[in-house]
Amino acid sequence: MNKKIKIMLFIGVILLLTAYFTFPIVKDYLVNNMGKRDLQSEEAAFTLKAKDFVAEFAAKEADANKKYLEKPVVISGIITSVNDKEVIIDDVVVCGFTAAEASLKVGQTANVKGRVVGFDDLMGSVNMDQCSINK
């Protein structure tokens, strides 16, 4: 084989390998840092009670992920824990707020809107972020 062709193939393979290994890193960066959505202006795709919501994930996690993951959802239930920017509803839905919400108290019924980020099968809870009180 010609020396030029070998060099070109080598460079091509290096470029393909570099693209293959850096694409996931770049994609994660863009999603996490550039892809912030304004959930407050989006209409909720679903409105559910916290325990029913988690029961769907516990029964068939793969189906629930397809249905809810990355979508804005309104969850209703009783607040069981408030810790700075984290609120837990009915001991099963963990809501991460972008700022501390002083109006929330343990024992209060609340409707919280947020983006579903996943199910923690070890704790049996669904995690949400970018949460806010839904009025």
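## The bridge between I88 and V94

The residue I88 has V94 as its bridge partner in strand β4, and strand β3 (residues 86-89) pairs with β4 in the antiparallel sense over four bridges, where pairing requires that DSSP finds at least two bridges between two strands. Strands here are DSSP runs of E with at least two residues, while helices are runs of H or I with at least four, and both are numbered from the N terminus. The model is predicted, with local features needing pLDDT of at least 70 and side-chain atom pairs counting only at pLDDT 80 or more, whereas totals for chains, interfaces and linings use all residues. Residues are numbered from 1 along each chain as its sequence is written, and side-chain values use heavy atoms, with hydrogens and water left out.

Three residues lie between the strands in the hairpin of β3 and β4, and D90 there takes a positive phi near 50°.

## Strand β4 and its other neighbour

Strand β4 also pairs with strand β6 (residues 125-133), in the parallel sense and over four bridges, and in β6 the bridge partner of V93 is V126. Because four of the five residues of β4 (residues 93-97) are buried, this strand is largely enclosed by the rest of the structure; buried means under 20% relative accessible area, exposed over 50%, and partly exposed in between, with a 1.4 Å probe and protein chains only.

## S132 in strand β6

S132 is found in strand β6 and counts as buried, because its relative accessibility is 13%. Its contacts (heavy atoms within 4.5 Å) include F97 and N111, not counting residues up to four places away in sequence.
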